[in-house]
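These are my notebook entries on what I looked up in the structure, written down in the order in which I went through it.

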Amino acid sequence: MDKILQQRAPIMQAMEELRIKRVVPFDVPGHKRGKGNPELVDFFGEKTMSIDVNSMKPLDFLGHPVSVIKEAEEIAADAFGAAHAFLMVSGTSNSVIAMIMATCKRGDKLLMPRNVHKSALSALVLSGAVPVYIDPGLESNLGISEGMKLADIRRAIDENPDATAIFLNNPTYYGICSNLPAIVKMAHEKGIAVLVDEAHGTHFSFGRDLPISAMAAGADMSAVSMHKSGGFLTQSSFLLLGKSQSPQHVRQIINLTQTTSASYLLMVSLDISRKNLALNGIKIFDEVGKMANYARDEINSIGGYYAYGKEIINGDSIYDFDHTKLSVNTLKTGLAGRKVYDILRDEYDIQIEFGDIGNFLAYVSVGDNMKGIERLCSALSDIYRRHGSDKKLAINYEYIHPTIVATPQEAFYAEKELVYIRNAKNRISSELVMCYPPGIPIIAPGEMITQAAIDYILYSKEVGNNLTGTQDEDVEQLYVLR
Amino acid sequence: MELWFTENHSEHARFSIKIDKHLYGADSDIQRIDVFQSPEFGRFLTLDGLMMMTEKDEFAYHEMMVHVPMAVNPAIKDVLIIGAGDGGIVRELARYDTIAIMDMVEIDEQVVKVCKQYLPQTASSLDDPRLTIYYQDGLKFVRHAKEEYDLIVVDSTDSDGPGEGLFTREFYGNCLKALKDDGILVNQLGSPYYKADAAAMVRAYDKLKHVFPIYSAFQAHIPTYPSGHWLFGFASKNQNPTNVSSEWVKLDIDTKYYNTALHIGSFALPNYVGDMLK
């Protein structure tokens, strides 16, 4: 990383120059720096409105960058150790879609764990690629998905030597990392491209004592979500390329789905925050790590809760652990992780990232301070005092290897009919069903619907999880293949 | 030349005090600390520009925070004090020979140093042998305490400053845990008058309500605080706030503001305040 280069923020600088010139706008957006809509100015502030502008010569064009955006992308690539970086303004979802569509066309095989983010399945619907699922395995004491075992990947590659790409979540939501360098080596020997959903691992490129980043491990593409651990504005993201990929081809793919009116608020945010991480990342993530470690110790001293750290590393499926993630197991408190999540918000005014049956995740980031950490620890202590019990919650989770009858694209566009989910056993789904957060599908298009999946959906509805994905807004009915 | 200290009591109302001399001013790790000398109020302490105490009217605040719970239960022995770096609470508590332990948790060591140097009127008892001062976050301290105290006095800054964590449900819940069965918690709740203050006060009181089986609010007149009308919370597991012990009068403690009739009266709130707290 070139620290002198990283001090630059070319898009921000171009915006500043434009502001000083006081250019008379006869272009869109029609609010004309806010003057056409005083309520917007009141709410967002004059400065924000004045930089909500459209693409123009001095500001470059995201769809075909030649000046300041191009430069910002080059500096970002340097920051991440990538061959090329794309500024993305439609979230990491769009970065994931672009990675898959850039590497897999209709009929191509994509090796992937089943617990991917919804956006990966959307990409399969769009591209027509065929998923080949690898069981990510379950850490049975905690009830969370592990990373990928090398033996499973070896087997999947041996069984599908014609696969085009392999797609990985690294780190997982809970902070678990796979052995990326070994996976990359294994895949590259067979000419398989490695695509990494690194939405929760932005900081790997900037801190120290952190798991290896996808680019450093030699992956071909990586989607990093800058608004998560990076602390950027919501929806901003980078798509990173290794040397093997053609930036021109990937640009074309991105332009299929990304807006032509990219928000300069998001692009400036990418510029400023990349600069901050590049220059101050070590200090920032040392601090974040210290706060997370402190919180882990304090939470573990309450009783019941288990805030896990690097001790769960096992050399294979949990190859590394991201200690900035504050992941907490609740099974021994007698409370579901989801329940703790709800109580924290409803009774303590503390919003955490998400909770599932036996775990919750509190996101610790560049924006946190010790005051907030003390509040979280104290609230957890109080919840345990009020509601904790010795009754250990059991989790019955079994990975059911999905039976894929049609590709997600075929299933999505097939002749279909609406049935009640409870009656959908053994039918082929045309839609996906998921809880958000975390946005991992329970049923994906093209899959045979199992009784276990039906039970899980009904259970999730009962405990109040936010289900979504189907055309039916109440998620009572589901389109299945005729 | 005229020098005035001004604090905004609302967006549209200010309160000013003429200053003779700026005695101390510095930023600690936590906040801005200032001490002024004034003709009207004597010396006074501000944190982040907000009035904490003046020599002229601090007696009202400190006496009410201490003698109200002590008169309800004169058997109180072990006391936890949160905040209170100026020493005023400790000074009032130290007047009871029956008190055995005073643990004081102040987040900012610099406040205590400054008060010892410039505000001897309140800081005089800060070397009482029964007192131990812990320089740490109050929220953390109570999290690690269990059924240890008869009384917790929370003398904090406002809910949007460093004292934020002391107006939360998690704090009150952990205080409940840190108190013995007869335990009492007293805290400053702020003013019911200006709109933003009133909203914060109601939020804090609502949280207290959710945690303690017995809760109530009482008031005092403190001229240099916004609106001059100040509320305190009284919360406990089983102690009735207006049940003043006949033992207290026998202690013959000389007070300038507090008396037992006022004690009972201080829980009678104006209607508009009572409505807010319903």
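**Entry 1: chain A as a whole.** I began with the contacts of chain A that have a separation of 6 or more, and found that 69% of them join residues 24 or more positions apart, where two residues are in contact if their C-beta atoms, placed from the backbone, lie within 7 Å. I note here that this is a predicted model, in which local features need pLDDT of at least 70 and side-chain atom pairs count only at pLDDT 80 or more, while totals for chains, interfaces and linings use all residues. Residues are numbered from 1 along each chain as its sequence is written, and chains are lettered from A and ligands numbered from 1 in the order in which they are written.

Of the 482 residues of chain A, 52% count as buried; a residue is buried if 20 or more other C-beta atoms lie within 10 Å of its own, exposed if 12 or fewer, and partly exposed in between, with C-beta atoms placed from the backbone. I then compared the radius of gyration of chain A, 23 Å, with what a compact globule of 482 residues would have, near 23 Å, and the two agree; the radius is taken over C-alpha atoms, and the globule rule is 2.2 Å times the number of residues to the power 0.38. The C-alpha trace of chain A spans about 65 × 55 × 45 Å along its principal axes. I found 14 helices and 20 strands in chain A, these being DSSP runs numbered from the N terminus (helices H or I, at least four residues; strands E, at least two).

**Entry 2: an open sheet in chain A.** I followed 4 strands of chain A that form an open sheet in the order β11-β13-β15-β14, with antiparallel pairing; two strands pair if DSSP finds at least two bridges between them. Because β11 (306-307) and β14 (354-355) of chain A each have a single partner strand, they stand at the edges, and one side of each is left without a neighbour in the sheet.

Going along the sheet, I saw β11(A) joined to β13(A) by 2 bridges, with A307(A) opposite V328(A). Between β13(A) and β15(A) there are 5 bridges, again antiparallel, and N329(A) has N359(A) in β15(A) as its bridge partner. β14(A) pairs with β15 (residues 359-363) of chain A over 2 bridges, and there F354(A) stands opposite L361(A).

How many residues of strand β13 (residues 325-329) of chain A are buried? The count is 5 of 5, so I list this strand as mostly covered. K325(A), S327(A) and N329(A) point one way from β13(A), whereas L326(A) and V328(A) point the other way. In a regular strand the side chains alternate between the two faces of the sheet.

Entry 3: I checked the length of α12(A): at 1.5 Å a residue its 18 residues should span 26 Å, and its end C-alpha atoms are 25 Å apart, which agrees; the expected span is 1.5 Å times one less than the number of residues. The buried residues of α12(A) include I373(A), E374(A), R375(A) and L376(A). These buried residues of the helix pack against α10 (264-300), α11 and β15 of chain A, together with α5 (138-143) and α6 (169-178) of chain B.

The contact between the chains takes 11 residues from chain A and 13 residues from chain B. On the side of chain A, the elements that give two or more residues are α11 (337-348) and α12 (370-387), and the largest share, 9 residues, comes from α12(A). By class, I noted 3 nonpolar, 2 polar and 6 charged residues on this side, where Ala, Val, Leu, Ile, Met, Phe, Trp, Tyr, Cys and Pro count as nonpolar, Asp, Glu, Lys and Arg as charged, and the others, Gly among them, as polar.

**Entry 4: domains.** Chain A is assigned domain 1 (5-278), domain 2 (282-387) and domain 3 (408-481), with bounds that come from an automatic or database domain assignment. The centres of domain 1 and domain 3 of chain A, taken over C-alpha atoms, are separated by 28 Å, and their contact takes 10 residues from domain 1 and 11 residues from domain 3.

In chain B I looked up domain 1 (4-53) and domain 2 (58-277), whose centres 22 Å separate. Here 18 residues of domain 1 are in contact with 23 residues of domain 2.
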